[in-house]
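Subject: A structure for you to look through

Hello,

Here is the structure I promised to send you. Please open it next to this email and follow along as you read.

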Amino acid sequence: VKVGTLDFDWLLTHEFGHEWWGNKISNVDWAHMWIHEGIDTFADALFIEEYGGRKAYLNRMKDAATKFSNKLAIVQGPVIDSRQTYHGDIYGKGGYFMHTLRYVMGDSIFFPALKAFATNPKNTYNNFVTTEEVIKHFNTASGKDLRPLFDLFIFSTDKLQVNLKQTSLNSYELTILNMPMALPLDIQTSEGRTVVQTGSKPVKITSSTLPVIDPDGYYLKKILFE
């Protein structure tokens, strides 16, 4: 794989990542295999960011988002076997979800939380973890209820639905249709880049050009225009 002038063996970095996500942290059964493969795939992307830069990392994630089949949920249910578990999305979409979670939480909270999960003795080696424990851990670290985010991207095949309604020549209203929690959302307008907090009420946007929603690709999304 080439990232700028960097040439490396992506599989080697992926397998090194399994020393943490797979060997040190092990999921309790097949249903939660995304903890092995998805978080480890996110680690692949962090290698690209470290050595190729932020733009290379974002391009990697935006490219990944075009390849998800989205036919099966990442966590399908409690009683499944390895054949049912191993579909491509537990890797790519699982890793992309961690990218989303990083954006929602912010680096200053997300990375210490991720490290704390991987170094807490109750999670490691002879102990086994579930997606529920991942949710509880990141909820505690963030001080927020992140379950709706997991419900949408891990337990379902839905995308974030963003509705953009033009209300006048230079005015728009943005509404998230299927997410009960508030989310940060980058918007590119004619005035530049801004970050809005979505919630229960429409967000008003002023722009002389069509606003670009989430230009860096932090969410797997569907944008509806009115």
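Is Asn70 buried or exposed? Have a look before you read on. Asn70 counts as buried because its relative accessible area is 16%, and the cut-off for buried is under 20%. Please keep in mind that this is a predicted model.

Asn70 sits in the loop between α3 and α4 (82–85). Its phi is near 55°, which is a positive value in a residue other than glycine. Asp214 is another residue to look up: its phi is positive, about 55°, although Asp214 is not a glycine. You will find Asp214 in the loop between β8 and β9, and with 3% relative accessibility it counts as buried.

Helix α3 covers residues 54–65, which makes 12 residues, and at 1.5 Å a residue they should span 16 Å. The C-alpha atoms at its ends are 17 Å apart, so the two values agree. Within α3, the residues Ala56, Tyr57, Leu58, Met61 and Ala64 are buried. When you look at that list, remember that an α-helix has 3.6 residues a turn, so residues three or four places apart point the same way.

Helix α5 is mostly covered, with 15 of its 17 residues buried. Just after α5 comes Gly106, which has a positive phi of about 90°.

Now for the inside of the protein. In soluble globular proteins, nonpolar side chains tend to be buried together. Here the largest nonpolar core has 56 residues, and the members that touch the most others are Trp34, Met98, Leu101, Phe138 and Leu174. Helix α5 supplies the largest share of this core, eight residues.

Which residues does Leu174 touch? Leaving out residues up to four places away in sequence, its partners include Val162, Leu185, Ile187, Thr198 and Val203. Thr198 belongs to the loop between β6 (192–197) and β7 (203–206), and it is buried, with a relative accessible area of 4%. Beyond its neighbours within four places in sequence, Thr198 is in contact with Leu174, Ile176, Ala182, Leu183, Leu185 and Val203.

Leu220 and Lys159 are 61 residues apart in sequence, yet their C-alpha atoms are 5.6 Å apart in space. Among the residues that Leu220 touches, not counting those up to four places away in sequence, are Ala65, Asn70, Tyr96 and Lys159.

Rolling a probe the size of a water molecule over the atoms shows where empty space is left. The largest pocket has a volume of about 480 Å³. It is lined by 18 residues, and those nearest its centre are Trp20, Trp21, Ala43, Leu46 and Leu114. Two or more lining residues come from each of α1 (10–17), α2 (34–52) and α6 (107–119), with α2 giving the most, seven residues. By class, the lining has 11 nonpolar, three polar and four charged residues.

Enjoy exploring!

Best wishes

Definitions and conventions
Residues are numbered from 1 along each chain as its sequence is written. This is a predicted model: local features need pLDDT of at least 70, side-chain atom pairs count only at pLDDT 80 or more; totals for chains, interfaces and linings use all residues. Side-chain values use heavy atoms; hydrogens and water are left out. On a 1 Å grid over the protein atoms alone, a cavity is a set of points where a 1.4 Å probe fits but cannot get out, and a pocket is an open set with protein on both sides within 12 Å along at least five of seven lines; lining residues have an atom within 4 Å of a point. Grid points are joined across faces, edges and corners, and a volume is the space filled by probe spheres set on the points. Helices (H or I, at least four residues) and strands (E, at least two) are DSSP runs, numbered from the N terminus. Ala, Val, Leu, Ile, Met, Phe, Trp, Tyr, Cys and Pro count as nonpolar, Asp, Glu, Lys and Arg as charged, and the others, Gly among them, as polar. Buried means under 20% relative accessible area, exposed over 50%, partly exposed in between (1.4 Å probe, protein chains only). A nonpolar core is a set of buried Ala, Val, Leu, Ile, Met, Phe, Trp, Tyr and Cys residues joined through side-chain atoms within 4.5 Å. Contact means heavy atoms within 4.5 Å. The expected span of a helix is 1.5 Å times one less than its number of residues.
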